[in-house]
Structures are given as C-alpha cells and as structure tokens.
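Open the model in your viewer and keep the selection tool at hand. We will go stop by stop.

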Amino acid sequence: MTTRKKLIEVALPLDAINAAAAREKSIRHGHPSTLHLWWARRPLAACRAVLFASLVDDPSSLPEQFPTEEQQHAERLRLFGIIERLVLWENSTNPKVLAEAHAEILRSTNGNPPPVLDPFAGGGSIPLEAQRLGLEAHASDLNPVAVLINKALIEIPPMFANQPPIHPSDGKQMAVKEWRGAAGLAEDVRYYGEWMRQQAFERIGHLYPKVTLPKEHGGGEATVIAWLWARTVKCPNPVCGAMMPLVRAFELSTKKGKEVWLKPVIDHVAKTVKFDITTNKKEVPASPKVGRGAQFRCLVCQQIAEGLHIKQEGVAGRMQAQLMAIVAESKQGRIYLPANESHETIAASAMPTWKPETPISDDRRSLFTPLYGLTTFGDLFTDRQLLTLTTFADLVADVHKKALSDCTESDLADPNLYADSISLYLGFAVDRSADRGSTICSWDVGYTKIRNTFARQAIPMTWDYAEANPFSDSTGNFLSCVDWIYKVINNLIFTLKNKVTHENAMDSHLTSVKTLVSTDPPYYDNIGYADLSDFFYIWLKRSLASIYPDLFSTLQTPKAPELVALPHRFGGSKQQAKEFFEQGFRQVFERLNHIQHPDFPLTVYYAFKQAETDDDDGDLTTASTGWETMLEGMISSGWTINGTWPMRSELSNRMVASGTNALASSIVLVCRPRAADAQRVTRNAFLAALRRELPQALRDLQQGNIAPVDLAQAAIGPGMAVFSRYSAVLEPDGQPMRVRTALQLINKELDEVLAEQDNEYDAETRWAVAWFDQFGLTANSYGIAETLSKAKNTAIEGLVEAGILEAKAGKVRLLSRDEYPTDWHPGTDRRLTVWEITQHLCRAVMQGEEKAAALLAELPSDLAEIARDLAYRLYNTSDRKGLTQEGFAYNTLVIAWPELRKLAANQQGQASQTSLF
C-alpha cells in the first residue's frame, strides 16, 4: 500500500507556529519549563504543531476526497486553522481546541494513532505535547535529571488523576468539590512545601536575620532580600597588599528615578575598602573592572591585578569574600543599606554538615570556575548556602514519612508511590533553590532581583554575587520555588498513562511497538548536558537517592556514553569526539528505523549553524562538522531527509533590539526510510537532479517568508532530499560522495539560485548587486565601475542620478542607507530602482514597523515583492563577507514582512475610507 503524505511533508503555517513559539518565551507561571531547568528546550508550540502535522494527512494524498488543487488548498487552509488555534498558549489547556486536534488525528489514523517516542527526551517538550494531544507518550534519556523531569511531567500526574489531596486541612481548601487532573497532587506539593519551609526556619532561620532600618527609611526592622558580596584577592603591589574587592560595577539599581550606587570608602592607612550607599552618581568612581577577562584595579593603590594573578590567588585558596551591601524590602520598595559587621559575622557562623565534593568537569568552554580554584560543585556555595540547601534536601525525606502517614486516611492504591511523587516535586524545589542560591548568582540592577546560576548554558565565574534569603518573599525564596512547581502541576493536561525509562539510546531496545519518533538529539558539541546537570544531580541525589536508588547509583551523571562530541572526553581529540558522535548517531537511527511506524515520518530537531569553510581545489565553500556528522549518521543508517522547517523562537522586535542575526532555534528535519531498491548515481546525475529540484524548493521557502539567516539551513532539507534518496552518489573516482561535499554543493546551488533572480532587477540594481558582491560598501576604482556598468547596460551618471552611488576623485562607492534622503517618496522618484526601494525599506523597518508599512503602502506591489527577494540575496552576500550589521538589516526586513504587509493593507484601507468622505 502506498504511504500517504502527511501535512508536515508538504506545508506548514510557519508564521503562526513561530509567532506562538516566540511569544511562549514571555510566559512564565504555569509553563512546564519552569518545573525544573533544562537546556535548549524546544518550544512547546512547535512540538505540538510538528506532532499534529506528522500524523494528519496532507490533502494531496487523498485525491478521492480532494481531486483538484483548489480543493486541496482549501482543505490545507482548514488544517492550518486548526494548527493556528492549537499553538496558542491560551489554548494549551482548552479542551475544545485539543479535542478538535485529537479528532483530526484520529481521522487520519483510522482511530488508532501510534505512541510517540522521544529517545532523547531531555526537558520533556515533545513527550509533554504528545500527552497534550491525547497520545500515548514514551520518553527515555540517559541523564537521570532528564528522566525525573519527564516522570514529573508525563508519568506521575496521570497515575493520580482526579485524586483529592491527602494532607490534613482546616477544611477551607478542601471546599473544592472536584479535584480535576493533577490539582489534588499540586495542592499536596504546596502544603508539604510550606511545612518544609516552617521546619527549615526553625532549624536555620537565625542565620537569616532581619536588618535594622535607619530613621530616614522609617526605622524598625525589614526582611533582607539579598546580601551582596564581592570576591577579594590580595593586591599584587607588595607595598599595598590590600584585599581587593573584585567589583564589576557600582550600580545597585538603574531603574528610572530609583538609581542607587555603591560608593567605595577607602582607608589608605589601614588599606581597606568598605562601601556606602549613594543616589548621587557624581560620588561614584570608575569601575575597578578593567577591559575584558579577569583584570581589576586596586581601589587603594590603583595597581592592576592581571588575570593570571587572580587565578593564582584562587587556585591557592586565598580568594575570599567581602559583604558590600544589604538589600531589604520595605513598604517603600527596595532599600539598599551598607554592610554591617553583625550580618557578616552571622553568615560566617554557618557550619555546613555536608559539602558535595563532586568535581566540576574539564569543559572550559562552559565551565569556568575551576580556573579560579572553585573545582567542586560544593565550592560554588557559601557555607550558609550549603547548610541551607542540605537542610531543605534532608527535609524531603521527612516529607516522605509525613505524607505516607497522612495517606492512611485516603483510598490511594499505592500510598508509597504517592509519597515518592510528592518528594520528587519538592526535590525539584530544592534544585530551584540551588539555582537561585549559589555564588554564581549576580544582582540584576535593571530588575533589582537575583539572577539565577544558569542565566545561560554555562557556569561562568562571577566576581560579585548576590546571596538570596530563602525565607523572604522575594526572588530565590523557598516558597516561591514551590509555587512555580505547584502551578505547573496544576496546569497539566493528560488522558493516558505514559512511560518514562532511564536508557541510553545507543544501547537500549527502546520499544517493540511501532511508534512515531520525534526527537531533539544532542547538538554535536554545543551543550554538555551531563557536565551541567551535575549541579542539580548532587542535590537530587541528597534528596531522592532512597526513593530512586537506580537513578542515583553513581557519584555523577553518566558521561562516557553521552552522545555529544566533546573533545575533553577524548583527551582533547576533536577527531575521536567526531567519530564517537557519528558512530553513536548511526547506531541510534538504525534502531529507530526498526521501530518507526511506516505510515508516518520521523522528525528530528537540530540547531547547528553552518559556519566552517573549506577551500578544496581553491574554492572557498561553507559546510559544518555538526551538520555533516549528524547527517552522515542518519543517511548511513537508512534514512532519507525529505524536508526541513525552521522553527524560530525569537521575536523579530527582540532581534531588532539585540542587533543580531539569530539562527532559528532549530531546524526540524522530516525523514522517511530510504527505499530498499534505491539506486546509485554519478555526481553529474546528482547535480542535475539538484539543479532541477532545489530552485523551486527555495522559492517555496522564500514565499513562506523564511528568514534569510535561516535560508541556508532550510535549504539543507530539499538538497539532502535529493542526495539521501540514493544509496550512493559516486564521485568520478568511484568513491561515494561525502556528506560534506553534498552540503557544499547545496550551498553553491543556493548562491546560484539567488543570483538567477538578477533577471527580475532593473539595470541599476543589477550593477549595485554585482558591485556589492565584490566590494561591499567600500570605494573602488572608477574604471572598474565603468566596465561593470557597460556589462550591466547602464552608466555611472545614471547610477548617480538614481541616488545609489557616489562618484568623485576617480573613486566610486555605494551610498549607505543613512545617506539616503529622509523625505524620499517612490511616486516622485524619476529613476526608481529596486536597490533603493530595498535600502529605504530596511532603514524604515529599523525605525519601526509603522514607518516601514507606510512606505510599503506607497510602493507598487510587484516592486515591493522583488525588493523583499533582493533582501535574501543581499543577506547572503553580507553573511559571506562578514558584514553583520548589513545582514541584520536585510534579515529584519524579511522577518517583519508579513506584519508590514498587514499594516500597509490597513493603512491603504483607511486611506480609501477617508477618500470616500
């Protein structure tokens, strides 16, 4: 029987999916990602859409129902409408929308959808969305932390569906008559979390004293939000020898109207530095931080302490810390107070009963503290933080006993399992506390709160840090950590019981059932998940080892079998790391080939920008070890890649603000098993097929408004669809073509397709494109420009008259956008060119979408679309030449295009209505 094409193999409403994925980043409370930190999670909206589109038939595969292209298009739009509703965060718990999607899935699967499997489950986005769509979800991972996250999201809640809470209550909260979903479990987590906080406060509350407020702040006492510390080292100047505070900056608050600074108070005789608080910036000296890296100026003698000195002091164990300021909460808001000796003494009095001695890994691309003597995870915490976290972690076992005792009055089938589950969620609360309670946490002067340890996918070295008060009501307090978890559990949707296993995808049998595989595998060498997750593993092991002994049987998370290409695990050998990754990928995808349901495509998320260059045969071409190795593993294991979709999770306005060309968060590859009778072809036959098929695929991507920064990545899909359909592509010497060579040929063809669009441009634009390809915006010889103008059937005088060129003193150069007239209107331009339209649109969009839309409304629609196409070409050139800001402008224009068209249409409509009156 012929396999029916699925919607994902033909078309997707990318704009709607990416907009929802981008918006998701601003949603916090109740979002599953806030249950427990994990790195590089896929947006839930994207996962939901990909799963739905992988299961639902494309109308073109149902000719008996939709015989014409018009009918197929109409049906596709209907399915798009379901996806557009489905991806909205507001609808993630909407039973009507979810039921509509599930009904459509049942219709395409004859009422029997396959289970969904993610063998690299990580943070659980894919299994969670399978659960939300009413599908049976299977998740597995090698990393114990990931396994527990998935258990907490998809395995545990369905076990206790509609179960009332078991905790003793005064009856007020129990007035709820019906406990739907996991609401009862969530309520118990909150109750026992509050009990933990009370018990902890009785034991260690004295270590977190209130602070006495001066009269100008109303007097009395206030709860401390944070203690702000600076690491110190001895000044390298032997005459000075002061303990230097390593302070990055003196700002405490940059909120408008509430600006506050630290003011150093220097005693040159005693050679000490203390700090006062000021609202007068003129009293604040320049920051002691010098240049990049670890270089600081001594505030006493002005001597520069180089990075080597600071490292030596740290490694020798001589790096200390000094309290600089105290942040308290009052009725008037944040109050900043100078350090006082009693608070510093109390902090120093903490005597931790345990310190995790787990060493921090050797990956110096993301783990930097060992360079400064902080070599174990225990070194990342103050004594007070260690005692606090150990106290909370040990209380998890007490919660288990208490919950088990309270279960005696319930009708639970397995009280012990229920107590285990409550303990797991509260173990996560301890992890959240650790994330906000280490010396890697810094003070955010804009939001005036504590940043978490993992503000990025690394553990950086911090010089001044913020120590949170777990018993306050502000960021980093324990009850807040519990509340985040409560909201996630309370918001979960599920209908079926699901399965989570602790398995290595390279070695396991995964499942004997035919499944729909959708997975987000490790990205070559981008992230060392195991190395990073040891930070949490140590606390989870302390909290939960007795409950999950199999998961915590080792001192650290498994490293050697983790499928990542990290050279430090192979003695620094990149080649060995590459070979391990490629072999492992092949092994995994060979196994997946046996369990993937034949009726459905496999989908793989991957994010790895092509950034490396080769100059084989003197021809500079672009490829990527990450892409090459991953694709080599997939293709050699019997898969053909027949589509790619860029899934973006960055808002266009955020990109404008940051001024960067951010790659789409990931590319989704759509794969099918390669035909058993796939033929071998020559290089020439492959190139012929590539040139025949890739141009239309690229045009379709452009029509779908793919961002220029993503075009090269997305082109891999249709290009590799050609390459991977063959059992081999043979080079002239009879050897199989390498994937790297195929990627280079695909990139060359992309350049040629973009160049072929030159025929749509006017002569002046063709000249400008050719000049930009060679010289960018720099000046060059008039003679070269004149020769080029003859080839393009134009003249230098005409280019100057068109307003795109300056010619003087024997040199010519393209004008920059900033030199274009601000009062320009296309209707009055006597020599209108696509080049200047594109430049004016780029300048306008950088100033705001409303302004760009107003300009777009004045343009002939055909020229506007050609200008957008030119932006792709110019981005490609800018990227190749390293012109980041130029490329950013073209990328921004294309990303904003759908919104610009919408706004322009509205403006034209309003103008038409006005003209009627």
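This tour of a predicted model visits a pocket, then strands, then a helix.

**Stop 1: the second largest pocket.** Select Glu9, Val10, Ala11, Asn642 and Trp645. Of the 40 lining residues, these are the closest to the centre of the second largest pocket. The volume of this pocket is about 1,200 Å³.

Now colour the elements around it. At least two lining residues come from each of α1 (14-24), α3 (69-86), β21 (639-647), β22 (666-673), α17 (683-703), α18 (708-724) and α26 (884-916). Which helix gives the largest share of the lining? That is α17, with 7 residues. Colour by class next: the lining has 19 nonpolar, 12 polar and 9 charged residues.

**Stop 2: strand β22.** Stay with β22, one of the elements that line the pocket. Is it buried or exposed? In β22, 7 of the 8 residues are buried, so the rest of the structure largely encloses this strand.

Pick Met647 and find Ser666 of β22 opposite.

**Stop 3: helix α6.** Select residues 144-159, which form α6. Centre on Lys151, where the helix bends by about 45 degrees. Then go to the N-terminal end, which Asn143 caps. A side-chain oxygen of Asn143 lies 2.9 Å from the backbone nitrogen of Val145.

Notes. Residues are numbered from 1 along each chain as its sequence is written. This is a predicted model: local features need pLDDT of at least 70, side-chain atom pairs count only at pLDDT 80 or more; totals for chains, interfaces and linings use all residues. Side-chain values use heavy atoms; hydrogens and water are left out. On a 1 Å grid over the protein atoms alone, a cavity is a set of points where a 1.4 Å probe fits but cannot get out, and a pocket is an open set with protein on both sides within 12 Å along at least five of seven lines; lining residues have an atom within 4 Å of a point. Grid points are joined across faces, edges and corners, and a volume is the space filled by probe spheres set on the points. Helices (H or I, at least four residues) and strands (E, at least two) are DSSP runs, numbered from the N terminus. Ala, Val, Leu, Ile, Met, Phe, Trp, Tyr, Cys and Pro count as nonpolar, Asp, Glu, Lys and Arg as charged, and the others, Gly among them, as polar. The bend at a residue is the angle between axes fitted to the seven residues ending there and the seven starting there. A polar contact is a pair of N or O atoms within 3.5 Å; within protein, one must be able to donate a hydrogen and the other to accept it, and residues adjacent in sequence count only if both atoms are side-chain atoms. Buried means under 20% relative accessible area, exposed over 50%, partly exposed in between (1.4 Å probe, protein chains only). Two strands pair if DSSP finds at least two bridges between them.
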